[in-house]
Amino acid sequence: MSRPIRSAARALCWPNISWRTSLRAELRGRKIGTPGRRRVFDLRKAPLGPRLYGTTTKAITVTGGITFRQLEENYYEQAKALIDGGADILVLETCQDTRNVKAGLLGIQRLMRESGRKIPVMVSGTIEPMGTMLAGQTADAFWSSISHVDLLSVGLNCATGPEFMTDHIRTLSDMVTTRISCYPNAGLPNEDGKYLETPQSLAEQLDRFANHGWLNLVGGCCGTTAEHIKVIAQMVEGKRPRAPKASAHRAYYSGIELVEAEDGKPAADCG
Ligand SMILES: [Zn+2]
C-alpha cells in the first residue's frame with residue numbers, strides 16, 4: 001500500500017448499543033442516536049468516517065446474561081440498520097470479549113450474504129492495563145481468533161492511552177496480515193475522570209508508532225478532541241504506512257493465550 005496513513009476524523013466510543021430500537025427509528029430519518037449521551041448525528045453530516053459499532057452492555061464471557069445466538073441476532077439487526085441508514089464501513093470496536101466479536105462478525109457476514117454486498121469491517125480490541133482484554137485474551141491470541149475473517153483492519157482503541165499500547169501494537173504489527181488501526185484514549189483518566197494527554201503529547205506517541213511502521217489508520221478515542229485529531233493528522237502526513245505482513249503459514253491456536261504448533265514440539269494438550 002503506497003497511500004499515506006489515514007487518520008480518523010474523530011473516533012468515538014459508543015459503549016452502549018442496547019438502544020437498537022431507537023436506533024432503527026432514528027435511522028429512518030438517516031440519523032443515528034446515542035440516547036445515553038443524548039447525542040444525535042446526521043449520518044451524512046457527522047464528521048465521522050466509519051460508523052462505530054460498539055461493545056454492547058453484555059459480554060458473553062464477562063457478564064453473561066446473553067447467548068451467542070442472541071448477540072449474533074442483535075449485531076445483525078444493528079448492522080442492517082446502519083447499512084440501510086447509509087453507513088459504508090462497520091467498526092466493531094472497544095472489543096473486550098472475542099466471543100462477542102465472533103457473534104458480531106457472523107451477524108455481519110449473514111447481512112453480506114443476504115444483501116449480496118461486501119461490507120468493509122474493522123475490528124478494534126481493547127487491552128486493559130493488566131495486559132489482556134477484559135475477557136482475558138492477549139493481543140496475539142485475539143488476532144489468531146479472528147484472522148480467518150477478511151477484515152479491512154484490526155487494531156486497538158480506548159483503554160489505556162498509547163503508552164501502554166506499545167507492546168500490543170508491536171505484537172499485532174508483527175503478525176497481522178491486514179491493516180493496523182490505533183486510536184487510543186487521551187491517556188488513562190485520572191481520579192477525576194480527566195484525560196491528560198494533550199494533542200501534542202498524544203500525537204508524539206503515535207508518531208513513534210508510525211515511525212516504527214506499525215500503523216495504517218490512526219485516530220483518538222475517549223478524551224480526545226478535534227484538536228487532538230488535527231495534530232495527529234498533521235503528524236502522520238506523508239508518513240509511510242505499515243505494509244501488511246504476508247502470512248507466516250504457521251499453525252496458531254488460541255484460548256486465552258496464543259499457542260503455536262511447531263515442528264519438534266511435543267503435542268499440546270488444549271482445553
Ligand atoms: Zn474510548
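This is a predicted model: local features need pLDDT of at least 70, side-chain atom pairs count only at pLDDT 80 or more; totals for chains, interfaces and linings use all residues.

1. Residues are numbered from 1 along each chain as its sequence is written.

2. On the overall make-up, the protein has 7 helices and 11 strands. These are DSSP runs numbered from the N terminus, with helices (H or I) of at least four residues and strands (E) of at least two. Of the 271 residues, 43% count as buried. Buried means 20 or more other C-beta atoms within 10 Å of a residue's own, exposed means 12 or fewer, and partly exposed is in between, with C-beta atoms placed from the backbone.

3. Which residues touch the most other members of the largest nonpolar core? They are Cys182, Leu206 and Ile232, in a core of 58 residues. Such a core is a set of buried Ala, Val, Leu, Ile, Met, Phe, Trp, Tyr and Cys residues joined through C-beta atoms within 7 Å. Leu206 is in contact with Pro162, Cys182, Val218, Ile232 and Met235, leaving aside neighbours within four places in sequence. As background, nonpolar side chains in soluble globular proteins tend to be buried together.

4. Helix H7 (residues 226-236) deserves a look from end to end. Its buried residues are His228, Ile229, Val231, Ile232, Met235 and Val236. They lie on the same side of H7 because they cover an arc of only 165° around the axis, the arc being that of the directions from the helix axis to the C-beta atoms. Ala226 and Gln234, on the other side of H7, are exposed. After H7 comes Gly238, with a positive phi near 80°.

5. The partner of H7 that I would show next is helix H6 (residues 199-211): the two axes come within 9 Å and cross at roughly 35°. The crossing of H6 and H7 is right-handed. H6 contributes Pro199, Gln200, Leu202, Ala203, Leu206, Asp207 and Ala210 to the contact, while H7 contributes Glu227, His228, Val231, Ile232, Met235 and Val236. These contact residues divide into 9 nonpolar, 2 polar and 2 charged. In this count Ala, Val, Leu, Ile, Met, Phe, Trp, Tyr, Cys and Pro are nonpolar, Asp, Glu, Lys and Arg are charged, and the others, Gly among them, are polar. Axes are lines fitted to C-alpha atoms, for helices over the stretch in contact, and angles run from 0 to 180 degrees between N-to-C directions. Right-handed means that the near helix is turned clockwise from the far one by less than a right angle, and left-handed means anticlockwise.

6. Helix H4 (residues 139-146) and helix H5 (residues 166-175) also pack together, at an angle of about 35° with their axes 9 Å apart. The crossing of H4 and H5 is right-handed. Ala139, Asp140 and Trp143 of H4 meet His168, Thr171, Leu172 and Met175 of H5. By class, the residues in the contact of H4 with H5 are 4 nonpolar, 2 polar and 1 charged.

7. Two backbone angles are worth checking, given that most residues other than glycine have a negative phi. Thr94, in strand E5 (residues 90-95), has a positive phi near 50°. Cys158, in strand E7 (residues 153-158), has a positive phi near 65°. Thr94 is buried, with 23 other C-beta atoms within 10 Å, and Cys158 is buried with 26 such neighbours.

8. Finally, the loop between strand E8 (179-184) and H6 holds Gly193, and Lys194 lies in the loop between E8 and H6 too. Gly193 counts as exposed, with 8 C-beta neighbours inside 10 Å, and Lys194 is exposed with 10. Lys194 and Gly223 are 29 residues apart in sequence and 7.5 Å apart in space, C-alpha to C-alpha.

Note on methods: Two residues are in contact if their C-beta atoms, placed from the backbone, lie within 7 Å.
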